[in-house]
Amino acid sequence: MLNSSMSKPRILTGDRPTGPLHIGHYFGALKDRVALQDKYDTFVIIADVQALTDNFLTPQKVRDNVKEVVMDNLASGIDPQKSTIFIQSMIPEIAELTVYYSNLVTVSRLERNPTTKEELKQKEKLFKNNITYGFLGYPVSQAADITAFKADLVPVGEDQLPHIELAREIARKFNDIYGQVLVEPKAKVSNFPRVKGLDGNSKMGKSLNNAIYLSDSPDTIRQKVKMAFTDPQKIRLTDPGHPADCMVYYYHQMFTNPSDLKVIESECQSGARGCVACKNQLADNIIDFLSPIQQKRQYYQSHPEIVDQIIKEGTAKAKLVAADTLRQVKEKMFLNY
Ligand code: ATP
Ligand code: MG
C-alpha cells in the first residue's frame, strides 16, 4: 500500500483550522493545490496542533474549524480520490519527529524567522511580549509535517517561505548527521503569493478580520466590498482615481476579465467611473466566481458523514506514511530498540 503511489512526486500542504478559508487562500495556495493533485501524490494537513500554538486558550474554536477547512478544500476542488486529507494531531509520529528535530535548530534561528516576528506583533495581547516555547517552535513542527511525508513540493503563500527554508535546513542537517532519510522540500508560490486584506493590510488572514470567506453569502460579500479601502483622493465620482491605491481595483485583477479590467482602470483614472459602480461590479464577479464552490460546499454540509469518512480514511493512510518515515529516522538515530 505504501508504494502504490510512490512513483509520483509528493506534495504536503495544508491549513490551520483557525477559521473558514478565504479568497486569499484560494488564489494564494488552494488553486495550485487543486491543479497539482493530478501530477503529485498530495497530502493535505489540517494543522490543528499548529493552530493551538496561538489558540491554546480556545481549543473549541480549533475543533469547530477542522471540518470547515476540510469542506472548503473539497468545495474548491480537492478530490479525495486523488488527495489525502488528514488531521495533524491524529498522527503522533509528527510530534515525535518534532522532538528529534528540535536538537537541530537553535533558539536564535527561530527568533530570527520574519514570519514568526510578524505574527507575534499581531498576537501581542496573547503573548504580552513573552513568546511561548510552542509558538516559537511551530516552524519545527511544520518541518516535521513536511518531512514525515518526504514531500518534494509545498505549495504555499509567501508568508510560509521562511518556514520551508527552515524545513530544508533541518532535513539537510538530519541527513548530514544521521544519514540520508529525509527529502529537502521545495516551496511553490502562486501568481498571488500574498493576497492583501480588504482594509489594505499586506495580508488577508483568517485571524485578521479583513477577509472575504469562500463561504460568505452574497449579501455579506456586497457589504464587505462596500467597506473595502479605496483611493482616499477620489472623493467625488468625477475625481480622477489611482487604481494602484485601491483595494477594489486590486481584487478586480483577480475576479474580472482582462478587457473589463482595462475599461475599469481607464474610467477610474479619467473620473468617468465612481466607486459605487466599481464595487457593485466587483461584488457581482466575486459572487459568480464563488457560486460553484458554494454549491459543492452545500453538498458536503448536508452530508457530514461523507466528510467524516474522508478524514478517517485520509488520516489512516497518512499515518502509515508518517510511521514509515519515523521508523527510518529512529533507526538512523539508534533508537530502534
Ligand atoms: P492564521 O491567521 O490563523 O494563520 P491564515 O489566513 O494565515 O490563518 P493559514 O491556515 O495559516 O491561513 O495558511 C494556509 C495557507 O494559505 C498557507 O499556505 C498560507 O501561506 C496561505 N495563505 C494564507 N493567507 C494568505 C494570503 N493572504 N495570500 C496568499 N496566501 C495565503
Ligand atoms: Mg497563517
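Student: How many aromatic pairs does the structure hold?

Tutor: The structure holds 15 aromatic pairs. Rings of Phe, Tyr and Trp (its six-membered ring) pair if their centres lie within 6.5 Å; planes under 30 degrees apart are stacked, over 60 edge-to-face, and the rest tilted. Before we go on: this is a predicted model, where local features need pLDDT of at least 70 and side-chain atom pairs count only at pLDDT 80 or more, while totals for chains, interfaces and linings use all residues. Residues are numbered from 1 along each chain as its sequence is written, chains are lettered from A and ligands numbered from 1 in the order in which they are written, and side-chain values use heavy atoms, leaving out hydrogens and water.

Student: How do I read one pair, say Phe27 and Phe255?

Tutor: A pair of aromatic rings is described by the distance of the centres and the angle of the planes. For Phe27 and Phe255 these are 5.2 Å and 85°, an edge-to-face pair. The pair links distant parts of the chain, 228 residues apart: Phe27 is in helix α1 (residues 23-36) and Phe255 in helix α12 (residues 247-255). Helices here are DSSP runs (H or I, at least four residues), and strands are runs of E (at least two), numbered from the N terminus.

Student: Are Phe27 and Phe255 buried or exposed?

Tutor: Buried means under 20% relative accessible area, exposed over 50%, and partly exposed in between (1.4 Å probe, protein chains only). Phe27 has 6%, so it is buried, and Phe255 is buried too, at 10%. Ring pairs also join Phe27 and Phe255 with Tyr26, Phe192 and Phe289 in a cluster.

Student: Which residues are closest to ligand 1?

Tutor: A residue counts as near if one of its heavy atoms lies within 4 Å of the molecule. Ligand 1 is surrounded by 21 residues, and the closest are Thr18, His25, Asp159, Lys203 and Lys206. An N or O atom in the Thr18 side chain is 2.6 Å from an oxygen atom of ligand 1. For His25, a polar side-chain atom lies 2.8 Å from a ligand 1 oxygen. Taken alone, ligand 1 exposes 590 Å², and the protein buries 95% of that (areas by the Shrake-Rupley method with a 1.4 Å probe; for residues, only the protein chains shown count as cover).

Student: And how many helices and strands does the protein have?

Tutor: The protein has 15 helices and five strands. Of its 337 residues, 51% count as buried.

Note on methods:
A polar contact is a pair of N or O atoms within 3.5 Å; within protein, one must be able to donate a hydrogen and the other to accept it, and residues adjacent in sequence count only if both atoms are side-chain atoms.
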